[in-house]
Amino acid sequence: MSADRRSGEARAGWVMSAPALAAIAIFFVVPAVASLFLSFTDFDIYALADIANLRFVGFQNYERLLGNPLFWKAMTNTLLFVVIGTPFVVALSLFAAMLVNSRWLQWRPLWRVALFAPYVTTLVATAVVWRYLLHTRYGLVNYLLSLFGIGPIDWLGSPTASLPAILLFVGWKTFGYNMIIFLAALQTVPRELDEAARIDGAGWWTRLRHVTLPAIAPTVLLVSVLTVAAMFQLFAEPYVMTQGGPAQSTVTILYFMYEEGFKWWNLGSGAAVAFLLFLCILAVTLIQLRLAKRGGAI
Amino acid sequence: MDLTRRQMTGALAALPLLPALGACGARGQDGMTIWAMGNEAASLPALLGSVGRPADAPRVTVQPLPWTAAHEKLLTGFAGGSLPTIGQVGNSWIAEMAAIGAIAPVPASAQGLLEDQFAAVVETNRIAGRVWAVPWYVDTRLQFYRKDLFARAGYAAPPRDWTEWKRALHKVKAGAGEGNYAVLLPLNEYEQLSTIALSAGARLLRDNGARGAFSDPEFKAALGFYKSLFDEGLAPRIASTQISNVWNEFARGFFSVFLSGPWTIGDMKSRLAPDMQGNWGTAPNPGPSGTGSAAPGGSSLVVFAGTPHTDAAWDLIARLMTPAAQQEFHTLTGDLPARRSVWNEAGLAADPVIAPFATQLDHATALPKVPEWERIVTEMQIVAERMVRGQYSIDDAAKEIDKRADRLLEKRRWMLERGRAL
């Protein structure tokens, strides 16, 4: 009876999870396998007109990508976004979370909503507002800088300033989500530990370094893994703000893939970019996990 | 048994998606849709109201597309089977749309629409012996120049022949003062070099567009002339992104000649200071011996393949192409009409700023009509920029452009061998 019942339970389990599994298969597994397959073909507009014009080309797409300077430019830009953007976004969201978690703050729910709002607003609408904020002549950012005697910066028009400008926008847009995750973790840190450390004479920085951070280390890891993945997949922000310019300084790897795939319709080559991007994110995440294990975070 | 149940569950779970599938058939059966871009899309509804269509003709809806997304939209529309009935298509995209079979050629009954047009523009739309689109409005690129600085150098207008033109530029530069140049040729734009190449008579591609012809003596002459303008200090070695305001720099005398199209006329009138308004003019491009050439541009009207409204669509296009409709279209948008007779009626032939465009269009040459062309010129310019910066000699640059073009055309050669390409 018990074996029968167990198989009945297993069957029920399969039935219950089947819708989710089906969705994963249809919307994730099938497209992922198809795009890997696509990356070994020369799918282009000729193949779009007639599938008989499709040829298998082996690793030719990958070879040509590695020899394409724009691919390396996109790769460098993306790595810059990851290396500069991840610490910036993590620090910003942790700071915001600590701010709305502190006991002396009045109207805490209101602040939480206000700081979370950017995350849930439409990206294109906020991009329009940010294009005004970053405007060279009458933008708020340059006005604030002018109060400190700093001359106007052509944020979206100069190849050196465009990357920080996009980062500012991305940071503002995404920190709300990470802030909520951090906030949940911060609320599990026992207040007694913090108070004990304070009585022992530890300052703000020492308490953050030796009490709070070790307690929320797994969350810091989670948030940084999520942020690294998001930074690797940056597309909409440069697409609506700069269209990859000026001088290709904001072409990210995903933007490059979009141009290969949908501007030039080299879907084979675009799929190869997607697969290389997947390998990059996988590698970085594995390294992060290894480091975290060694550090004892998980 | 176990499997079927799972399949059934999967099918049940997918049920809510069914209405989404129904939405895929976007092509409406009851009316016609026109895809148009920018300014033209904005004024098309007004124009449609005045062309006087028969009462029983299908209802027409205009869907505006932004220029920046139009090309992608046309291709995804083809891939998804959701193209409308009529479309405005940039002349340089027609080869691509014809190659994939997205558009239908102009039928015998509509051949009359191709008369009273600029020959080079119609030629741009002729692929494999058939015309695929009706030119709607035209443009091309020619010189905008500083009249006062040329006058100070002793010229009423830029000379039409390369040697004389260069001599004039040297004098203009000498008069413009320290730190200024004569001509702006942004290193990240391919239009300038392709205009020079067309003026030199280069054919650019050979063997029915299967291989690059960049090692031809004509193209090398163009490369040499382009390089000499930088080497002799007539053009600054900069990209267009380094010029934050073209009109300011033009007014300042940083350069006295630049290449652009009719869309710049409005900008010149609104952005240059009132006291500068008498100081600029337009002139046809120079060539090795006499007036040079340019690539004909503009947009055409196409009827997409497989539409149920073919006759009604061509009837509508015929109505949009009548001289009266073309004149109203010019009034609404400022675009230069495709029909030559309208130029006289609208007073364009007598306008000193616009008349040179007609001269230039009479001296225009169609660019190669292969879908890969835009990628090829992009590569051409990357190599040309390196040549100007001293990384390649003229011969090496020509060889390198040929190599890159041949690689991009590999698929086309394969298609041609099998008789599958147009």
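Q: In β11(B), which residue is the bridge partner of V183(B)?
A: The model is predicted. Strands β8(B) and β11(B), the latter covering residues 257–260, pair in the parallel sense over 2 bridges. In β11(B), the bridge partner of V183(B) is V257(B).

Q: Which are the edge strands of chain B in the open sheet?
A: The open sheet has 4 strands in the order β8-β11-β7-β12, and its pairing is mixed. An edge strand pairs on one side only. In chain B these edge strands are β8 (183–184) and β12 (280–283).

Q: Is the crossing of α9(B) and α10(B) left-handed or right-handed, and how many nonpolar residues does the contact have?
A: The crossing is right-handed. On the α9(B) side, the contact is made by L193(B), I196(B) and A197(B). On the α10(B) side, F219(B), A222(B), F225(B) and Y226(B) take part. By class there are no polar and no charged residues, and the nonpolar count is 7.

Q: How many of the 9 residues of α9(B) are buried?
A: The buried residues are Q192(B), L193(B), S194(B), T195(B), I196(B), A197(B), L198(B) and S199(B). What covers them includes α10, β11, β13 (286–287) and α17 (373–388) of chain B. Helix α9(B) is largely enclosed by the rest of the structure, because the buried count is 8 of 9.

Q: Why is β6(B) largely enclosed by the rest of the structure?
A: Strand β6 covers residues 134–139 of chain B. A residue is buried if 20 or more other C-beta atoms lie within 10 Å of its own. The strand is largely enclosed because its buried residues number 6 of the 6.

Q: Which residue in β16(B) is the bridge partner of V138(B)?
A: Strand β6(B) is joined to β15 (residues 297–303) of chain B by 5 bridges, and the two run antiparallel. There, V134(B) stands opposite L301(B). With β16 (residues 336–337) of chain B, β6(B) pairs in the antiparallel sense over 2 bridges. In β16(B), the partner of V138(B) is L336(B).

Q: Which element gives the most to the side of chain A that touches chain B?
A: Here 21 residues of chain A are in contact with 21 residues of chain B. At least two residues each come from α1 (2–38), α2 (45–49) and α13 (253–263) of chain A. The chain A side divides into 14 nonpolar, 3 polar and 4 charged residues. The most, 5 residues, comes from α1(A).

Methods. Residues are numbered from 1 along each chain as its sequence is written. Chains are lettered from A and ligands numbered from 1 in the order in which they are written. This is a predicted model: local features need pLDDT of at least 70, side-chain atom pairs count only at pLDDT 80 or more; totals for chains, interfaces and linings use all residues. A crossing is left-handed if the near helix is turned anticlockwise from the far one by less than a right angle, and right-handed if clockwise. Two residues are in contact if their C-beta atoms, placed from the backbone, lie within 7 Å. Ala, Val, Leu, Ile, Met, Phe, Trp, Tyr, Cys and Pro count as nonpolar, Asp, Glu, Lys and Arg as charged, and the others, Gly among them, as polar. Two strands pair if DSSP finds at least two bridges between them. A residue is buried if 20 or more other C-beta atoms lie within 10 Å of its own, exposed if 12 or fewer, and partly exposed in between; C-beta atoms are placed from the backbone.
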